[in-house]
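Dear colleague,

Please find below the structure that I am passing on to you. My notes on it follow.

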Amino acid sequence: PVLAGLDSALEAVAGFGKGLRGTLRLNVPGAVTRTILPPIAADFLRACPEVSLDITVDDGLVDILSMGADAGIRYGETLAQDAICVSIGPRRQRAATAAAPDYLARHGTPGHPRDLLAHACLRTRFPGGAFTEWAFEKGGESLTINPTGPLSISTQAAEFAIATAISGRGIVATFEDWLRPAMDDGRLTPVLEDWWPSFEGPFLY
């Protein structure tokens with residue numbers, strides 16, 4: 001049935017003659033909407049001016065077909081084993097932790113991930129309520145920390161957590177590329193950089 005549906009879709013596309021047209025519905029996590037998806041979407045819209053993009057941002061990792069989407073973007077660990085997917089964006093990404101210089105001057109700099117349990121940590125959580133993991137790895141050792149702190153906020157508002165870290169209220173953990181501008185200009189200082197784990201980038205499927 002899947003192949004028959006694909007054949008039908010390809011026949012419909014071929015019948016347009018002048019190129020693709022219609023609406024492409026995507027279901028994507030918020031993590032790709034900040035730095036990865038915008039330039040790709042802009043290039044796609046330039047190449048396919050008769051196509052409209054309908055993008056739903058959903059960190060609940062729902063089944064894309066049940067939500068009426070044509071395709072989705074997911075990270076490798078959340079892909080179904082039988083999914084047909086292609087890499088989109090960077091092949092590898094890193095999770096990073098950082099804090100404002102003022103915060104570290106007042107509270108000290110963690111030397112090991114377990115030290116985070118004694119710090120104010122700014123957490124993000126998925127729509128279902130589960131917190132994002134603070135995972136670390138170094139020299140074959142890996143561990144996950146579940147710290148506490150003065151702020152928890154939805155993954156779709158991670159910029160709020162970053163701004164709170166810049167204001168000196170705690171340590172934030174998120175994608176390195178999200179924190180890089182503030183680290184490069186000194187508003188944030190990397191924390192436990194030699195423990196930052198890497199992971200596969202996102203896939204379109």
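Which residues of helix α4 (residues 158-166) are buried? In this predicted model, they are Ala158, Ala161, Ile162, Thr164 and Ala165. Seen down the axis of α4, these buried residues fall within an arc of 160 degrees, so they line one face of the helix. The packing partners of the buried residues of α4 are β6 (121-125), β9 (151-154), β10 (171-175) and α5 (176-184). Just after α4 comes glycine 168, with a positive phi of about 90 degrees.

A positive phi is also found at leucine 192, where the value is about 55 degrees although the residue is not a glycine. Most residues other than glycine have a negative phi. Leucine 192 belongs to the loop between β11 (189-191) and β12 (198-200), and it is buried, with a relative accessible area of 7%.

Five strands form an open sheet with mixed pairing, in the order β2-β1-β3-β13-β4. At its edges stand β2 (51-57) and β4 (86-87); each has a single partner strand, so one side of each is left without a neighbour in the sheet. Strands β1 (residues 22-28) and β2 run parallel and are joined by seven bridges. In this pair, asparagine 27 stands opposite threonine 56 of β2. Helix α2 (residues 37-47) packs on the sheet and touches β1, β2 and β3 (71-75). The direction of α2 makes about 160 degrees with that of β2.

With kind regards

Key:
Residues are numbered from 1 along each chain as its sequence is written. This is a predicted model: local features need pLDDT of at least 70, side-chain atom pairs count only at pLDDT 80 or more; totals for chains, interfaces and linings use all residues. Side-chain values use heavy atoms; hydrogens and water are left out. Helices (H or I, at least four residues) and strands (E, at least two) are DSSP runs, numbered from the N terminus. Buried means under 20% relative accessible area, exposed over 50%, partly exposed in between (1.4 Å probe, protein chains only). Two strands pair if DSSP finds at least two bridges between them. Contact means heavy atoms within 4.5 Å. Axes are lines fitted to C-alpha atoms, for helices over the stretch in contact, and angles run from 0 to 180 degrees between N-to-C directions. The arc is that of the directions from the helix axis to the C-beta atoms.
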